[in-house]
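Colleague: Before we discuss this model, could you put the sequence and the structure side by side?

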Amino acid sequence: MTDTPAIQIRDLVKRYAPAGSGEGKLALKGVSLDIPAGKIFGLLGPNGAGKSTMINILSGMVRKTSGSVSIWGFDIDRDQRNAKRSIGIVPQEIVFDPFFTPFEVLENQAGLYGIARHLRRSEELLRAVHLADKRDAYARALSGGMKRRLLIAKALVHQPPVLVLDEPTAGVDVELRRQLWELVTEMNREGVTVVLTTHYLEEAEELCDRIAIINHGTCIANKPTRELVGMAREKVVELTLDRDLGQLPVDAAFIKSEKTGERTIAITYNKDVSNAGQVLAAVQAQGFTIVDVTTREADLEDVFVSLTSEARPA
Ligand SMILES: Nc1ncnc2c1ncn2[C@@H]1O[C@H](COP(=O)(O)OP(=O)(O)OP(=O)(O)O)[C@@H](O)[C@H]1O
C-alpha cells in the first residue's frame with residue numbers, strides 16, 4: 001500500500017427516513033475524511049454525533065444518502081464485494097450462538113466468506129487473541145473479555161487489511177481494557193489498519209495515532225493525536241491558601257478562577273500569555289499566602305470539551 005488511504009470518505013451524507021411526516025434525521029452532513037493505512041485511527045464524538053452511522057455505512061448495514069466511500073481503494077458502490085472483503089467490523093454488541101465453540105464460531109464465519117478449509121486460520125486466530133485453550137469451550141462459558149477477543153478474531157477471519165472496532169471497551173473494567181488495548185496494538189503492529197470509536201478520551205489518547213472528532217454529523221477536527229492535545233492552550237494551577245476564602249483573587253490574566261474547597265482555588269490561564277509564576281504573584285499581591293501549588297496540563301478531554309461546545313448545531 002502506498003499513500004492511498006485505507007478509507008476515503010467524501011461528502012458523506014446520511015438522512016434517515018422520517019418515521020412519520022417531516023424531513024427525517026440528518027445524521028451526517030457531508031463528512032470528508034481520509035483514514036491513513038497502517039495506523040490506529042480514533043473516531044470520537046458525543047452521543048448521537050453520527051459515529052455509528054458512519055461505521056454502519058462502511059459495513060454495508062446502512063445505505064448512505066450521498067457522497068462516496070472507498071475501502072482499501074474499492075468504492076463501496078462500484079466494487080462492493082472487494083470493499084466488503086477489505087474490512088472487518090467488531091460490533092458493539094456481543095452476539096454469538098451460545099452453543100458454538102470459539103473454533104466453530106471462526107469456522108462458520110470462514111464458511112460465510114467462502115474460504116476453503118485448507119486456507120482457514122481458525123487455530124492461528126485463536127492463538128492471536130489468546131483463546132487457544134478455549135478452542136472447544138461453549139461460547140456461553142466465556143467471560144466478557146474472552147467474548148470480545150473472540151469477536152475480534154471473528155472480524156479477522158477473512159484477513160481484512162482494515163479492522164473497525166465500535167466502542168471496543170464500553171463497560172469493561174480497567175484490567176480488561178488494558179488487555180484489549182494490547183491486543184489492538186498487536187494487530188496494528190502486524191500491519192492491520194485499526195479504526196475505533198470510543199467515548200473514552202483516555203483510550204483515544206493512549207492508543208490512536210490520529211483522531212477525528214465528529215459532532216452533530218460534521219467532522220470538526222482531524223489531526224495527529226499529539227497535535228490535537230497540543231491545541232489545548234489552557235493550563236490550570238490549583239492553589240491551597242492559608243485561610244478560608246472570602247472572595248476569589250481576580251486578575252486580567254486569569255481565564256477563570258473557581259473555588260474547589262474551603263481553602264483551595266483552581267485558576268485557569270492561557271499558557272501563551274501567562275505563566276504559573278505570574279499567576280502566583282497576582283494571588284500573593286492580593287494578600288493571600290500560598291501553602292501549596294499543583295499545575296495540570298490540558299489533556300484531550302479539555303480539547304474535546306472546548307471543540308464540541310464551540311461547534312453548535314447548524
Ligand atoms: N435508524 C435510524 N433512524 C432514524 N434516526 C437515526 C437512526 N439511527 C441513528 N439515528 C439518529 O442519527 C443520529 C446519529 O446517530 P449515531 O447512532 O450515528 O450516533 P453515534 O455518534 O454513534 O452515537 P452513540 O455514541 O450514542 O452511539 C442520532 O440523532 C440518532 O438519533
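Modeller: Strand 1 (residues 7-15) and strand 2 form an antiparallel pair over seven bridges. This is a predicted model, in which local features need pLDDT of at least 70, side-chain atom pairs count only at pLDDT 80 or more, and totals for chains, interfaces and linings use all residues. Residues are numbered from 1 along each chain as its sequence is written.

Colleague: Why are strand 1 and strand 2 called a pair?

Modeller: Two strands pair if DSSP finds at least two bridges between them, and strand 1 and strand 2 have seven, so they count as paired. Within this pairing, Gln8 stands opposite Asp34 of strand 2.

Colleague: What makes strand 2 (26-35) and strand 5 (74-75) edge strands?

Modeller: In the open sheet of four strands, ordered 2-1-4-5 with antiparallel pairing, strand 2 and strand 5 each pair on one side only.

Colleague: How do you know that Val194 is in contact with Leu163?

Modeller: Contact requires C-beta atoms, placed from the backbone, within 7 Å, and Leu163 is listed with Ile40, Phe41, Leu165, Val184, Met187 and Asn188 as contacts of Val194, once neighbours within four places in sequence are left aside.

Colleague: What makes the residues around the ligand three nonpolar, six polar and two charged?

Modeller: Ala, Val, Leu, Ile, Met, Phe, Trp, Tyr, Cys and Pro count as nonpolar, Asp, Glu, Lys and Arg as charged, and the others, Gly among them, as polar; the shell includes Tyr16, Ala27 and Ala49, Lys25 and Lys51, and also Gly45 and Asn47, so the division is three, six and two.

Terms used. Near = placed C-beta within 6 Å. Contact = placed C-beta atoms within 7 Å. Helix = DSSP H or I, 4+ residues; strand = E, 2+ residues; numbered from the N terminus.
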